[in-house]
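Visitor: Can you walk me through this one? I'm new to reading structures.
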Amino acid sequence: MALVKPLDIETGAPASPQLERIGFGERIKALRKSRNWTLANLSERCGLSLSTISKAERGIISLTYDNILKLAYGFDIEMSELLSESENAGISQIVTVERKNKAQRIENEYYVMNMLCSARTKKRMMPVFATIKAHSVQEFARFIKHPGEEFVYVLEGQLTFQIDGQPPRVLEPGDSIYFDSALGHAYVSSGDIDARLIVVCWHPLPNDLEKPDKREIYPVM
C-alpha cells in the first residue's frame with residue numbers, strides 16, 4: 001500500500017512538524033509561567049501527566065486534538081485562544097480571512113491537522129483540514145474523545161470511521177458524518193492514499209464544564 005506524505009494545503013511543500021511542535025510548546029510554557037504554575041499545577045488542572053506536558057513544552061511530542069483541548073480547559077481559556085499565534089489573541093474578529101498555505105499545522109502519529117483560521121479567537125467551531133496518516137485502528141494507543149460534537153466531510157481517499165464498541169463505517173469522497181465526539185472514535189485511511197477531510201468540531205466553553213466533571217471525562221493520561 002503506497003502512502004502519500006502529508007503536504008501543506010494547495011502546495012507540494014512539506015511543513016516542518018518540529019518547528020510547529022516547538023512553537024506550540026513555547027506557547028504552553030509561556031502561559032503556564034505567566035500564571036506562576038508548576039508542571040504539577042497544570043497537570044492537576046488539565047488531567048495530563050507531568051511527562052506529557054513537559055515533553056509538549058519542549059517540542060518533543062505533538063499532542064492529539066483531545067489533549068490540546070484538555071490543556072485549554074486547564075488554562076480556563078478557549079481552545080482557539082490556546083492555538084492562536086496572533087498578538088491580539090484576546091480580541092475576537094467579525095470576519096477572519098486566512099489565505100491558502102497559511103494554516104497552522106499540527107502533526108502527530110495519527111493525522112496532520114491544518115487548523116483553519118486559527119488567528120481568530122473566541123470561536124465555538126474549530127475547522128480543520130486533516131490528512132489521516134493511520135491506516136489501521138491498531139495504530140491508535142486509544143480511541144480519541146472530547147466533549148462536543150463533530151462533523152466530517154471526505155474530500156479525497158477512503159475513510160474508515162469507528163466509534164469504540166461499534167462496527168466501522170466506510171466513507172468515500174463526498175460522504176459526511178456527524179457524531180457526539182464524547183464517544184471514543186478513530187479515523188483510519190483505508191484506501192491506497194491518505195484520506196483528506198474537512199472536520200469541524202464544536203465543544204463547550206471552559207465555564208460550561210465543572211472541574212469535577214473534567215476529571216471524570218478526562219482521566220490522567
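Guide: Start where helix 4 ends: D76 comes next, and its phi is positive, near 60°. This is a predicted model, in which local features need pLDDT of at least 70, side-chain atom pairs count only at pLDDT 80 or more, and totals for chains, interfaces and linings use all residues. Residues are numbered from 1 along each chain as its sequence is written, and side-chain values use heavy atoms, with hydrogens and water left out.

Visitor: Which loop does D76 lie in?

Guide: The loop between helix 4 and helix 5 (79-83). D76 is not a glycine, yet its phi is positive, about 60°.

Visitor: What other residue has a positive phi although it is not a glycine?

Guide: C117 has one, of about 55°. C117 lies in the loop between strand 2 (111-115) and strand 3 (125-132). At 22% relative accessibility, C117 is partly exposed.

Visitor: Back up a bit. How many helices and strands does the protein have?

Guide: Six helices and nine strands. They are DSSP runs, numbered from the N terminus: helices are H or I with at least four residues, strands are E with at least two.

Visitor: And how much of the protein is buried?

Guide: Of its 221 residues, 47% count as buried. The protein exposes about 10900 Å², and carbon and sulfur atoms supply 54% of that. Those areas come from the Shrake-Rupley method with a 1.4 Å probe; for residues, only the protein chains shown count as cover.

Visitor: Now helix 4. How many of its residues are buried?

Guide: Eleven of its eleven, so helix 4 is mostly covered. Among them are D66, N67 and K70, along with I68 and L71.

Visitor: Which residues touch the most other members of the largest nonpolar core?

Guide: I68, L71, L159, Y187 and L197, out of 47 residues in that core. Helix 4 gives the most to this core, with seven residues. A nonpolar core is a set of buried Ala, Val, Leu, Ile, Met, Phe, Trp, Tyr and Cys residues joined through side-chain atoms within 4.5 Å.

Visitor: What is I68 in contact with?

Guide: Leaving aside neighbours within four places in sequence, I68 is in contact with F24, L63, M79, L82, L83, I106 and M113. Contact means heavy atoms within 4.5 Å.

Visitor: How many bridges join strand 4 to strand 9?

Guide: Seven, linking strand 4 to strand 9 (residues 196-202). In strand 9, C201 stands opposite E150. Five bridges join strand 4 (residues 149-156) to strand 7 (residues 176-180). There, F151 has Y178 as its bridge partner.

Visitor: What about strand 2 and strand 3? How many bridges?

Guide: Five, in the antiparallel sense. One of the partners is T131 in strand 3, for V112.

Visitor: Which strands form the sheet of three?

Guide: They come in the order 6-5-8, with antiparallel pairing in an open sheet. Strand 6 (169-171) and strand 8 (185-189) are at the edges with a single partner strand each, so one side of each has no neighbour in the sheet. Strand 5 (residues 159-163) and strand 6 pair over three bridges. L159 stands opposite L171 there.

Visitor: Last topic: cysteines. How many disulfides does a search find?

Guide: Zero, in the whole structure. A disulfide is a pair of cysteine sulfur atoms within 2.5 Å. C46, at 4% relative accessibility, counts as buried. C201 is buried too, at 2%.

Terms used
Two strands pair if DSSP finds at least two bridges between them. Buried means under 20% relative accessible area, exposed over 50%, partly exposed in between (1.4 Å probe, protein chains only).
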